[in-house]
Amino acid sequence: MDELLCTWVPGTIDIVRLKVSGRTIELTSTRLARIFGSRALDELYLKGRAVLKANPQQVALLA
């Protein structure tokens with residue numbers, strides 16, 4: 001399992017920046033919710049950042 005650090009991209013309302021294994025990926029919050037489930041956005045909305053645990057299949061879907 002990989003840990004992903006998620007934060008909002010400044011100046012946007014729906015773009016999330018993920019850091020995983022030294023890479024930075026940007027995607028919409030809708031796509032993130034499709035991959036990890038809608039509960040993945042809860043902490044992100046409340047705190048502005050979240051740490052998600054991702055299996056290899058989920059990491060592959062991010063690319």
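This is a predicted model: local features need pLDDT of at least 70, side-chain atom pairs count only at pLDDT 80 or more; totals for chains, interfaces and linings use all residues.

Colleague: How many bridges join strand E1 to strand E2?

Modeller: Four bridges join E1 (residues 2–8) to E2 (residues 15–20), and the two strands run antiparallel. Within this region, threonine 7 stands opposite arginine 17 in E2.

Colleague: Is serine 29 buried or exposed?

Modeller: The general idea is to compare the relative accessible area with a cut-off: under 20% counts as buried. Serine 29 has a value of 8%, so it is buried. This residue belongs to helix H1. Leaving aside residues up to four places away in sequence, serine 29 touches Trp8, Asp14, Val16, Leu41 and Tyr45.

Colleague: How should I read a pair of aromatic rings?

Modeller: A pair of aromatic rings is described by the distance of the centres and the angle of the planes. This structure holds one aromatic pair. Tryptophan 8 and tyrosine 45 form it, with 5.4 Å centre to centre and 40° between the planes, and the pair is tilted. Tryptophan 8 lies in strand E1 and tyrosine 45 in helix H2 (residues 42–47), so the pair ties together parts that are 37 residues apart in sequence. Tyrosine 45 is exposed, its relative accessible area being 54%.

Colleague: How many salt bridges does a search of the whole structure find?

Modeller: The search finds four salt bridges. In one of them, the side chains of lysine 53 and glutamate 3 meet at 2.8 Å, N to O. Lysine 53 is in strand E4 and glutamate 3 in strand E1, so this pair ties together parts that are 50 residues apart in sequence. Lysine 53 is exposed, at a relative accessible area of 52%.

Colleague: With which residue does arginine 17 form a salt bridge?

Modeller: Its partner is glutamate 26, and the closest N and O atoms are 2.9 Å apart. Arginine 17 counts as partly exposed at 25% relative accessibility, and glutamate 26 also counts as partly exposed, at 46%.

Colleague: Where do glutamate 43 and lysine 47 lie?

Modeller: Both lie in helix H2, four residues apart, which is about one turn of the helix. Glutamate 43 is partly exposed, with a relative accessible area of 35%, whereas lysine 47 counts as exposed at 63%.

Colleague: What does methionine 1 touch, not counting residues up to four places away in sequence?

Modeller: Methionine 1 touches Lys53, Ala54 and Asn55. Sequence and space should be read side by side here: methionine 1 and lysine 53 are 52 residues apart in sequence and 6.1 Å apart in space, C-alpha to C-alpha. Methionine 1 lies in the segment before E1, and it is exposed, with a relative accessible area of 71%.

Conventions:
Residues are numbered from 1 along each chain as its sequence is written. Side-chain values use heavy atoms; hydrogens and water are left out. Two strands pair if DSSP finds at least two bridges between them. Buried means under 20% relative accessible area, exposed over 50%, partly exposed in between (1.4 Å probe, protein chains only). Contact means heavy atoms within 4.5 Å. Rings of Phe, Tyr and Trp (its six-membered ring) pair if their centres lie within 6.5 Å; planes under 30 degrees apart count as stacked, over 60 as edge-to-face and the rest as tilted.
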